[in-house]
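This report describes one protein chain, going from its overall make-up to selected residues. The sequence and the structure are shown first.

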Amino acid sequence: MTTTPTARPHRARLRRAALAGLVGLGLATALLLQPGGSAGAETTAPARKPAASADGGTLVRSAGAIQGRVEVAGRPVRGAEVRLLRAGDRPGHARELRITVSDRRGRFVLPVPRTGGGELYLTVTHGRTHGRRVPDMVVLASALGERASGHVVVNEATTVAAGYALAQFARHGWLGGAEPGLGNAMLMTRNLVDLRTGRRAPFLLRSPNGTATQTLPTFDALASIVAGCATRTNDCGAFLTAATDAWGTRPRTTWEAMSALPKNPTGDPAGVFAQVPRHPAYRPVLRRAPQDWVLALQFVGKGRQFNGPGNVAFDEHGAVWVINNAQWAVRLKNVCPGLGIFKLDPFAPGRPLEEYTGGGINGAGFGIGFDPDGHLWAGNFGFSGDKCTTPPTSDSVTELRPDGRPVSPDQGYQQGPLSWPQGTVSDRSGNIWIASCGNSTLVRYEGGDPDKSRLVRRGIGRAFDVAVNADGNVFVTANQGQQVFGFTPRGKALPGSPYGNGSIFSLPLGIASDRLGNTWVSNSGLIPSPCKSGEGLPTPTGTHYGSVVQVGPRGHLTKYAGAGLTIPWGIAVDGDDNVWVANFGGQRVSRLCGARVATCPTGHPGDPISPAGGYSFDGLQRNTGVEIDPSGNVWLTNNWKKVPAQANPFGRGLVAFLGMAPPVRAPLIGAPQLP
């Protein structure tokens, strides 16, 4: 019989398992399932040594075992049913490997099968704590990943961390999905909690996170709600109702609720907040209901590296590659181009940030992407500066190997000719397409060979960004021309191209494709691309700029607004073909329904999914790039400070909204693909 992690196993069987262990050693044994059995299988394994003490005795330490403790609000949960599961290859298809019962101190031991590997996690149900029975609707969880031994604590904090980081891999309490996204999501939890202690992780507690943003008090509020559910100090049923998803499905347990909230963070914010107990288990907590229940983390390296990150791309392992507009400085008397490309591994201990130089890297602006060989390409916009050690070139693109070593020469590839290049992308045949902003052209390197360069088209007024759709056709935004140009894979103009005019497009910037052949364009409404030396960006003074335009496969145009759009810049499409937009104003990211109506809650393309204020986060500055990683995190670049009229106007670092978007395979080449 198939069960879920929330179901109660036969109590008689658990009692028999405990009694068997009491003979001889006075210990409560684990109920062991056959390794590799299906979820919920009830086959008794051969007799083994006891797993945990029923009377507080010494734990048996066995190799290849998870040893831990179940807690709620710092107190043990005794008699809790602890399950060890292996995540499956798709959501909802985990396998239950072991089950045991915690002792009176909340301790347990779960031997891990030697066969197979995979991503492991724990769920905990029932038991007693704080003098009361834990309600059936309370399920705790912890994401172990490939960790098959050692000590862990399972509590409300580990439940929140696992729920948010693994939201896109959860279905009805079961986890599953493709690598590297699933494994990286398991590791992302460690930026929120220490699995060994169950305490909040230093990365969450300290700058640039900690009290610098709303994330820590939001996390604390959520963990306090789960603790309140377990100790019966709030109305847990009301909380589950408030966590109902956008399709009307009410979560059955706290574990399901924590994986539902990231996918629908604006369903009933006040209803969720109402269940923060009067005496919360964690502090600081939010003082009022937020606009949305998002958890976002800032990544700034060592704090003296990023200076105007413009855009990101993910490699096949899910690592984040970042282009940097300018060299880092406390005060910028002179803007000098950034001379490196950064690689961030947000899932590794310490979140290492490496810098790669050479190959002509020189103030890369917005263009970055991988080709089918895993080589990284970037457009060297240059940026201005009269007294720079390395002067801006503004006339090249850079190619790096997967290990960061340059392929392009010291001055980059200059064939084209190129002038202030921006969008730089590969199609699936390895052709590189470059939006050359300074001379309003589109350039193509056949097979990635700069010696086979071709000037595809002139007169694309300040060509800014490039996207390749599902049919292999290429679309380019003309920021000054108020149009979008379309071309076949060989560079021939598509019928009806260029598309649109000033009544549809208004200073368009980013462009992205979906799996249905559409491309989606960010209409900034305000930003003329600064494609020449000395040109700067206007300082935004209002909040109601911009829209998004859907360009159909045959050039049909539809314009949409709302969802918090405020000077849209970068744009991305997630695994459900819905649309995400980075805003250069308002400290918000926007989300709209795409063309795949089955994945849109309202069933209408272009309808807002995010609220009128977008998904807000006080760690955002002025954002340019936005992309979706294989774990379902939404990444944005803090390109400019919120108030840029200061010594150094450039923003710092990246922001990741955890678990909010259906994942996309990396690297992204052409239209998005599912993992």
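## Model and conventions

This is a predicted model, in which local features need pLDDT of at least 70 and side-chain atom pairs count only at pLDDT 80 or more, while totals for chains, interfaces and linings use all residues. Residues are numbered from 1 along each chain as its sequence is written, and side-chain values use heavy atoms, with hydrogens and water left out.

## Overall make-up

The chain has eight helices and 41 strands. Helices (H or I, at least four residues) and strands (E, at least two) are DSSP runs, numbered from the N terminus. Of the 675 residues, 62% count as buried. Buried means under 20% relative accessible area, exposed over 50%, and partly exposed in between (1.4 Å probe, protein chains only).

The accessible surface of the chain comes to about 24500 Å², with 49% of it belonging to carbon and sulfur atoms. These areas come from the Shrake-Rupley method with a 1.4 Å probe; for residues, only the protein chains shown count as cover. Among contacts (heavy atoms within 4.5 Å) between residues at least 6 apart in sequence, 61% join residues at least 24 apart.

## Salt bridges

Side chains of opposite charge can pair when their charged atoms come close. The structure holds twelve salt bridges, each defined as a side-chain nitrogen of Lys or Arg within 4 Å of a carboxyl oxygen of Asp or Glu. One of them joins Arg200 and Asp220 at 2.8 Å, N to O. Arg200 lies in the loop between helix H3 (181-188) and helix H4 (202-205) and Asp220 in helix H5 (residues 215-231), so this pair ties together parts that are 20 residues apart in sequence. Arg200 counts as partly exposed because its relative accessibility is 22%, whereas Asp220, at 0%, is buried.

Asp577 and Arg596 also form a salt bridge, at 2.7 Å, N to O. Asp577 sits in the loop between strand E35 (568-573) and strand E36 (579-583), and Arg596 in the loop between strand E37 (588-592) and strand E38 (615-616), 19 residues apart. Asp577 is buried, with a relative accessible area of 0%, and Arg596 is partly exposed at 25%. Both belong to a salt-bridge network that includes Arg515. In the bridge between Asp403 and Arg405 (2.7 Å, N to O), Asp403 is partly exposed at 38% and Arg405 is partly exposed at 47%.

## A positive surface patch

Arg78, Arg128, Arg132 and Arg232 gather in a patch of positive charge on the surface. Patches are made of residues with over 30% relative accessible area and no salt bridge, with like charges joined within 9 Å. Lys and Arg count as positive, and the place of an Arg charge is taken as CZ. Arg78 is in the loop between strand E5 (75-76) and strand E6 (81-86), and its relative accessibility of 43% makes it partly exposed.

## Helix H3

Seven of the eight residues of H3 are buried: Gly181, Leu182, Gly183, Asn184, Ala185, Met186 and Met188. Their cover includes strand E9 (120-125), strand E12 (139-145), helix H2 (156-165), strand E15 (174-175), strand E16 (296-299) and strand E40 (634-640).

## Tyr615

Tyr615 is in strand E38 and is buried, at 1% relative accessibility. Tyr615 and Ser590 are 25 residues apart in sequence, with their C-alpha atoms 6.3 Å apart in space. Not counting residues up to four places away in sequence, Tyr615 touches residues including Pro265, Asp292, Trp580, Arg588, Phe657 and Met660.

Note on methods: Patch = residues over 30% accessible without salt bridge, like charges linked within 9 Å, V, L, I, M, F, W, Y side chains within 5 Å.
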